[in-house]
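Take a moment with the sequence and the model below.

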Amino acid sequence: MNPTYEDVQVGDELPPATFPIARATLVRYAGASLDFNPIHWNERFARSVGLPDVIAHGMLTMAEAVRVVTDWVGDPGAVREYGVRFSRPVVVPDDDAGAQLTITGKVTDKRADGTVVVTLTAHSGEEKVLGLARATVALR
Amino acid sequence: MPLDQSFVGRSYPPTEPYLVGREKIREFARAIGLTEREYHDPEAARAIGYADVIAPPTFPIIFTMASSHAQIVEDPVLGIDYSRVVHGEQRFVYARPVRAGDELVTTVTVENIRQAAGNDMITSRSDVRTTDGEYVVTAYSTLVARGTA
């Protein structure tokens, strides 16, 4: 059952989700997005520019985070605006598990124009990896 | 040396059209782990009011980042040191979702240049329209050049 504008209230929490990001995920996302920056697949290069290890594409984290919103609302076309700040990198170790990205969302504004604002949090382990992550969604 | 503030407001010529392919949308959706049918099945997309499969919300990064990179980052006069660049912020404002069959033209503008903590930060605005002139989405990207300011 998807939320309606009438029923949704400020403070409502969206169902949280966890998304695994392994090295294979990064290879696949690099190909699909055409972002072949070696910091996302080459450990030697990543370390040479001062990173602890290979890191995930910020845009992959951004893509996963909004799934909490699109799953909740049902129609991805309902998203009117979506923005994030990339505050910390998601480090992806070379093992089978990779990183675990945990996303929560909460309704933080309800506007007269039929939209609501969802504020998202994104954590990889204990690290907060996105800041100012907000999606504006039109509800029926 | 800090980036030249006089570049703020500068627009670059519109890109060649980017034809949004159904298979590209499916590939992008699979890469993120999206199995919802509106990204894969035209019938399912039509059932919720779209002419063809729709793209996930962050899909426009594919062509907006490519054009802002080609035009702003590689502008020799502006002189960004790409080896020091990280993606700082990203925002999309949508009129409607991108869908398969769209032919999209992007116009890139330098929205803002600022310096903070020794870093240069440059925000580009990419306005995306169909070749028929229908406005679809705007992407704002902030790139941070570490230690260059």
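A:Val68 lies in helix H4 (residues 67-73) of chain A. Is A:Val68 buried or exposed? A residue with 20 or more other C-beta atoms within 10 Å of its own is buried. A:Val68 has 22 C-beta neighbours inside 10 Å, so it counts as buried. Leaving aside residues up to four places away in sequence, A:Val68 touches A:Leu14, A:Pro16, A:Ala17, A:Ile103, A:Gly105 and A:Leu120. A:Val118 sits 50 residues from A:Val68 along the chain, yet the two C-alpha atoms are separated by 9.8 Å. Keep in mind that this is a predicted model.

Now look at helix H3 of chain A, residues 58-65. How many of the residues of H3(A) are buried? The count is 8 of the 8 residues, so H3(A) is largely enclosed by the rest of the structure. The buried residues in H3(A) are A:Gly58, A:Met59, A:Leu60, A:Thr61, A:Met62, A:Ala63, A:Glu64 and A:Ala65.

A:Ala65 also takes us to the nonpolar core. The largest nonpolar core has 66 residues. Which of them touch the most other members? They are A:Ala65, A:Val66, A:Val69, A:Leu120 and B:Ile25. A second, separate core holds 8 residues. Among them are B:Ile72, B:Val108, B:Ile122 and B:Val144.

Step back to chain A as a whole. Chain A has 4 helices and 6 strands. From the N terminus on, its elements run β-α-α-α-α-β-β-β-β-β. Its C-alpha atoms fill a box of roughly 55 × 30 × 25 Å along the principal axes. Of its 140 residues, 41% count as buried. Consider the contacts in chain A between residues at least 6 apart in sequence: 65% of them join residues at least 24 apart.

Chain B comes next. It has 3 helices and 5 strands. Read along the sequence, they follow the pattern β-α-α-α-β-β-β-β. The C-alpha atoms of chain B fill a box of roughly 55 × 30 × 20 Å, taken along the principal axes. Chain B has 149 residues, and buried residues make up 39% of them. Among its contacts between residues at least 6 apart in sequence, 72% join residues at least 24 apart.

Strand E1 (residues 18-19) pairs with strand E3 (residues 103-116) in the antiparallel sense, over 2 bridges. Here B:Tyr18 has B:Leu104 in E3(B) as its bridge partner. E3(B) also runs antiparallel to strand E4 (residues 119-130), and 12 bridges join these two. One pair links B:Arg114 with its bridge partner B:Met121 in E4(B). E3(B) and E4(B) form a hairpin with 2 residues between them. In the turn, B:Ala117 has a positive phi of about 50 degrees.

How do the chains meet? In total, 23 residues of chain A are in contact with 25 residues of chain B. On the chain A side, helix H1 (23-33), helix H3 (58-65) and strand E2 (79-86) each supply at least two residues. The largest share, 8 residues, comes from E2(A). By type, the chain A side divides into 13 nonpolar, 4 polar and 6 charged residues.

Last, the confidence scores. The model scores ipTM 0.96 and pTM 0.95. Chain B averages a pLDDT of 92, and 99% of its residues score at least 70. Where in chain B is confidence lowest, and where is it highest? It is lowest in helix H3 (residues 61-73), at a mean of 86, and highest in helix H1 (residues 22-32), at 98.

How values were computed. Residues are numbered from 1 along each chain as its sequence is written. Chains are lettered from A and ligands numbered from 1 in the order in which they are written. This is a predicted model: local features need pLDDT of at least 70, side-chain atom pairs count only at pLDDT 80 or more; totals for chains, interfaces and linings use all residues. Two residues are in contact if their C-beta atoms, placed from the backbone, lie within 7 Å. Ala, Val, Leu, Ile, Met, Phe, Trp, Tyr, Cys and Pro count as nonpolar, Asp, Glu, Lys and Arg as charged, and the others, Gly among them, as polar. A nonpolar core is a set of buried Ala, Val, Leu, Ile, Met, Phe, Trp, Tyr and Cys residues joined through C-beta atoms within 7 Å. A residue is buried if 20 or more other C-beta atoms lie within 10 Å of its own, exposed if 12 or fewer, and partly exposed in between; C-beta atoms are placed from the backbone. Two strands pair if DSSP finds at least two bridges between them. pLDDT is the predictor's confidence in each residue, from 0 to 100.
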